[in-house]
Amino acid sequence: MEVKIETLSNTGIEFKLDPSWNKKLQGEFEKDSMKNLKIFLQKESKAGKTIYPRGDEYFAALNLTPLDKVKVVIVGQDPYHGPGQAHGLCFSVREGVRFPPSLLNIFKELKTDVGVEIPKSGSLTKWAEHGVLLLNAVLTVEDGKAAAHAGKGWEEFTDKIIHVLNEEKENIVFVLWGSYAQKKGAFIDRKKHCVIESVHPSPLSAHRGFFGTKPFSKANAYLKANGKDPVDWSL
């Protein structure tokens, strides 16, 4: 049985969750937290509020990176709240959208770490397709209001995703930038997995311990040491 995710969407479009994730997460949709989230999203939509990303992109990270393909997990907080930015992948923006400051700093570190030139597009879809799960803790946000959907139920759902990866997989690289992501991943078994931590890439903190941390080369070194193909970080 596949979960029909349109029950959480305000678009009326039918779409489904990747089968590998659906198998592990199906029970989450029966919990009160997700039922209450559905009610909340419906009320917000009926009130005329704009929600990002589009309904059919809520689960883009999971659909682009099936469970059996995950090599690296990058944990974000909630989607960008500006028009046209968010499309379901943490830190990523749509083609043609100006880079948010944190994303630009990620690209600067990418260049100094592994020599990848700063790309023209801020879309990280290629990473997702190559095994990098770009997971926000909260999967929706209201236009112009950062963290507007925090505490509404998404956190429990995304905790479950990390628990599944932690318990059922081995040798995954978890990249936790900033205190929020580090708290989110506090339970990860560091004997089974690699955890790379630093301050957040935002302009407020990037110069205090993000630049020079070499997360991309460290991730690939760990993957190769454990018999896995490295991630192609080019964009």
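**Stop 1: The aromatic cluster**

Select Phe91, Trp127, Trp177, Phe210, Phe211, Phe216 and Trp233: these residues form one aromatic cluster. Before going on, note that this is a predicted model, where local features need pLDDT of at least 70, side-chain atom pairs count only at pLDDT 80 or more, and totals for chains, interfaces and linings use all residues. Residues are numbered from 1 along each chain as its sequence is written, and side-chain values use heavy atoms, with hydrogens and water left out.

A pair of aromatic rings is described by the distance of the centres and the angle of the planes. Rings of Phe, Tyr and Trp (its six-membered ring) pair if their centres lie within 6.5 Å; planes under 30 degrees apart are stacked, over 60 edge-to-face, and the rest tilted. How many aromatic pairs does a search of the whole structure find? The search finds 14.

Zoom in on Trp177 and Phe210. Their ring centres are 5.3 Å apart and their planes stand at 90°, so this pair is edge-to-face. The pair links distant parts of the chain, 33 residues apart. Trp177 sits in strand β5 (residues 173–177), and Phe210 in the loop between β6 (194–198) and α8 (215–225). Helices (H or I, at least four residues) and strands (E, at least two) are DSSP runs, numbered from the N terminus.

Are Trp177 and Phe210 buried or exposed? Both are buried. Buried means under 20% relative accessible area, exposed over 50%, and partly exposed in between (1.4 Å probe, protein chains only).

Now pick Phe216 and Trp233. With ring centres 4.9 Å apart and planes at 70°, this pair is edge-to-face. Phe216 is in helix α8 and Trp233 in the segment after α8, 17 residues apart. Phe216 has 1% relative accessibility, so Phe216 counts as buried. Trp233 has 4%, so Trp233 counts as buried too.

Finish here with Phe91, in the loop between β2 and α4. Its phi is near 70°, a positive value in a residue other than glycine. Phe91 counts as buried because its relative accessibility is 11%.

**Stop 2: Helix α4**

Select residues 101–114. This is helix α4, with 14 residues. It reaches 20 Å from its first C-alpha to its last, close to the 20 Å expected at 1.5 Å a residue. The expected span is 1.5 Å times one less than the number of residues.

Colour the buried residues of α4, among them Leu103, Ile106, Phe107 and Leu110. The buried residues pack against α5 (125–129), β5 and α8. Contact here means heavy atoms within 4.5 Å. Step past the helix to Gly115, whose phi is positive, near 80°.

**Stop 3: Asp78**

Go to Asp78, in the loop between β2 (72–76) and α4. Which residue's backbone nitrogen does the side chain of Asp78 reach? That of Ala147, at 2.6 Å. Not counting residues up to four places away in sequence, Asp78 touches Asn136, Val138, Val141, Ala146, Ala147 and Ala148.

**Stop 4: Two backbone details**

Select Tyr52 and Pro53. A cis peptide bond joins them, with omega about -10°. Pro53 lies in the loop between β1 (51–52) and α3 (60–64).

End at Asn171, in the loop between α6 (154–168) and β5. Asn171 is not a glycine, yet its phi is positive, about 60°. Asn171 is buried, with a relative accessible area of 18%.

Methods: A polar contact is a pair of N or O atoms within 3.5 Å; within protein, one must be able to donate a hydrogen and the other to accept it, and residues adjacent in sequence count only if both atoms are side-chain atoms.
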